[in-house]
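Please examine the sequence and the model shown here.

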Amino acid sequence: MAVLMAPGGTLQMAAGALDHGADSVYVGPHGWSRRPASDELSDAEIRELIEHGRSGGKDVRIAINVMPAPDEIGCFLDKVGRYAAWGAGGVMLCDPGCIRLVRERVPGIEIHVSVTAGLFNSEDIRVYRQLGADHVVLPYRWGSAEIAEAKGRTGIALEAFLFETPQRSWICPGRCHASSYFRIDHACDEQGKDHFVGSAGRGGSCHRICQGRWNFRSGTELLTGARQLKSSPELLLWELPDYVEVGVSRFKIPGRERSVELVCAITAFYRRALDHVLRGSRDLSGFLPEWSDIKARWVSERSHRDDRRVGAAAA
Ligand code: SF4
């Protein structure tokens, strides 16, 4: 079965995505999912969303993909247990110790290895499988041969993000801590959870400093003109038939920080494209004009957002 997952940066976005064809939405609790608080939900909102989803036969997954400190483990486990009791289908985790802990203490909930675990190869996937994970989010840059090999070796359910970084370098999701060296703002919420804005892995958000324009110098000598450290990710389309063929079971749309309108449009687009492929067609050329429009809107929103984030961090 192929499942289309959409982002829920707000309750309105999550409900809109379900209405526009998503089978499942993923959301993050405040301080626990590597995003600004404006793109995360309160526990009351998560409960409301789970109930809304269940009434329509849809599914909600919770991203808790930060690395809890020792004194946060109790709060972390309480949260996972609560979401499971409310009926969440699964949680997305990245910390190996926490994955094993959830498998032991909350046996009924499915565990996804978040892309921020920074997987490199199928041996990594085998380790997470042994720890109790049910799904793994594939690294962005894998081709269908690598995906098929991982499926054959591990038997784990595979989830693919519908975007990738065109720059095939080694800035790997979850393994970049550059923002933390630039600026960190700290706050503690009423539940005792630390929020480190600037340090996504510890519960906050990164400043997107790779998207700023940087000059490189050696002493007083300017080595390069202003340049970005990393190119912007791009939405995927042509890969869909291969992904379906090699057994990817979840297709994940990125964008919890996008507008509700754009997320609804992207969800409706991928719903039609995925259904087209599932009916047996490999020809997606008819989707090209609409895809070009959606990609342009995606890049425009992303650039504005990144410029704001870098600017705010530098202020
Ligand atoms: S600075 Fe760029 S590469 Fe590093 S975590 Fe943030 S978005 Fe990713």
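Which residues have the most contacts inside the largest nonpolar core? This is a predicted model, in which local features need pLDDT of at least 70 and side-chain atom pairs count only at pLDDT 80 or more, whereas totals for chains, interfaces and linings use all residues. Residues are numbered from 1 along each chain as its sequence is written, and side-chain values use heavy atoms, with hydrogens and water left out.

The residues in question are Val102, Leu240 and Tyr270, within a core of 86 residues. A nonpolar core is here a set of buried Ala, Val, Leu, Ile, Met, Phe, Trp, Tyr and Cys residues joined through side-chain atoms within 4.5 Å; buried means under 20% relative accessible area, with a 1.4 Å probe and protein chains only. Helix α9 supplies the largest share of this core, 10 residues. Helices (H or I, at least four residues) and strands (E, at least two) are DSSP runs, numbered from the N terminus. Around Val102, contacts (heavy atoms within 4.5 Å) beyond its neighbours within four places in sequence are made with Phe76, Leu77, Val80, Val91, Leu93, Pro107, Ile109 and Ile111.

Helix α9, residues 260-278, is also among the elements that cover the buried residues of α1, together with β1 (3-7), β2 (24-27) and α2 (43-55). Helix α1 spans residues 11-19, and its buried residues are Met13, Ala14, Gly16, Ala17 and Leu18. In general, an α-helix has 3.6 residues a turn, so residues three or four places apart point the same way. After α1 comes Gly21, with a positive phi near 115°.

Arg34, in the loop between β2 and α2, has a phi of about 65°, and Arg34 counts as buried at 12% relative accessibility. Arg208 has a positive phi of about 60° and lies in the loop between β10 and β11 (214-218). Arg208 is likewise buried, its relative accessible area being 12%.

Strand β10, residues 194-197, contains Asp194. Asp194 is buried yet has no salt bridge, and the nearest side chain of opposite charge, Arg202, is 4.6 Å away. A salt bridge would require a side-chain nitrogen of Lys or Arg within 4 Å of a carboxyl oxygen of Asp or Glu; for charge, Lys and Arg count as positive and Asp and Glu as negative, while His and the chain ends are not counted. The side chains of Asp194 and His186 do make a polar contact at 2.6 Å. Such a contact is a pair of N or O atoms within 3.5 Å; within protein, one must be able to donate a hydrogen and the other to accept it, and residues adjacent in sequence count only if both atoms are side-chain atoms.

Key
Buried < 20%, exposed > 50% of the residue type's maximum accessible area, 1.4 Å probe, protein only.
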